[in-house]
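Hello,

Here is the structure I promised to pass on. Please open it alongside this email; my notes follow below.

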Amino acid sequence: MTDICMLKTMDSRNTNEAKQEPKTMVWWDINSCPVPDGYDVRMVAHSIESELKKAGYPGPLTITAIGYLNTPLMCM
């Protein structure tokens, strides 16, 4: 049987600040785009956030990872 894992991280800024900035959502299909071997899965959210900020998307961020896993994934 295959596990289904959904990970979600939310920006921790206060509500007033978050309402003033555009919101960004990332939907990550972990089957089509898996974490590379040797890469720490706990760093994925940080890496996505850093790259989006460099590209000019500084607002609140929601990352949702979906997919079928053969082994349970430690949630971030």
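T24 sits in strand β3, which covers residues 24–29. Bear in mind that this is a predicted model. T24 has a relative accessible area of 16%. The cut-off for buried is under 20%, so T24 counts as buried. Its contacts reach well along the chain. Leaving aside neighbours within four places in sequence, T24 touches L52, Y57, P60, L61 and T62.

The largest cavity holds about 40 Å³ of space. Which residues line the largest cavity? They are T24, E49, L52, K53, Y57, G59 and L61. Helix α2 supplies the largest share of that lining, with three residues.

Now the salt bridges. The count comes to three.

- E49 pairs with K53, with the closest N and O atoms 3.5 Å apart. Both lie in helix α2, residues 44–54. They are four residues apart, about one turn of the helix. E49 is partly exposed at 28% relative accessibility. K53 is partly exposed too, with a relative accessible area of 41%.
- E51 pairs with K54, and here the closest N and O atoms are 3.0 Å apart. These two are three residues apart in helix α2, so about one helical turn separates them. E51 is partly exposed at 46%. K54 has a relative accessible area of 65%. Exposed means over 50%, so K54 counts as exposed.
- R42 and D40 join through their side chains at 3.0 Å, N to O. R42 is exposed, with a relative accessible area of 52%. D40 is partly exposed at 32%.

Next, the ends of strand β3 and what they face. D29 lies in strand β3. D29 is partly exposed, with a relative accessible area of 33%. D29 and I66 are 37 residues apart along the chain, but their C-alpha atoms are separated by 5.2 Å. I66 itself lies in strand β4, residues 61–66.

E21 gives a second pairing of this kind. E21 is found in the loop between α1 (15–20) and β3. E21 is partly exposed at 23% relative accessibility. Along the chain, E21 and P60 are 39 residues apart. Their C-alpha atoms are separated by 7.1 Å.

I66 leads on to the surface. Is I66 buried, partly exposed or exposed? Its relative accessible area is 34%, so I66 counts as partly exposed. With M25 and W27, I66 forms a nonpolar patch on the surface. Together the three have about 350 Å² of accessible area. So I66 can qualify for a patch, since patch residues need over 30% relative accessible area, and I66 has 34%.

Last, the chain as a whole. How many helices and strands does the protein chain have? It has two helices and five strands. From the N terminus on, the order is β-β-α-β-α-β-β. The chain has 76 residues, and buried residues make up 26% of them. T24 is one of the buried residues. The protein chain exposes about 5800 Å². Carbon and sulfur atoms supply 57% of that area.

Take the contacts with a separation of 6 or more: residues 24 or more positions apart account for 87% of them. Several of the pairs above span such distances. D29 and I66 are 37 residues apart, and E21 and P60 are 39.

That is what I found.

Best wishes

Definitions and conventions
Residues are numbered from 1 along each chain as its sequence is written. This is a predicted model: local features need pLDDT of at least 70, side-chain atom pairs count only at pLDDT 80 or more; totals for chains, interfaces and linings use all residues. Side-chain values use heavy atoms; hydrogens and water are left out. Patches are made of residues with over 30% relative accessible area and no salt bridge: like charges are joined within 9 Å, nonpolar side chains (Val, Leu, Ile, Met, Phe, Trp, Tyr) within 5 Å. Accessible areas come from the Shrake-Rupley method with a 1.4 Å probe; for residues, only the protein chains shown count as cover. A salt bridge is a side-chain nitrogen of Lys or Arg within 4 Å of a carboxyl oxygen of Asp or Glu. Buried means under 20% relative accessible area, exposed over 50%, partly exposed in between (1.4 Å probe, protein chains only). Contact means heavy atoms within 4.5 Å. On a 1 Å grid over the protein atoms alone, a cavity is a set of points where a 1.4 Å probe fits but cannot get out, and a pocket is an open set with protein on both sides within 12 Å along at least five of seven lines; lining residues have an atom within 4 Å of a point. Grid points are joined across faces, edges and corners, and a volume is the space filled by probe spheres set on the points.
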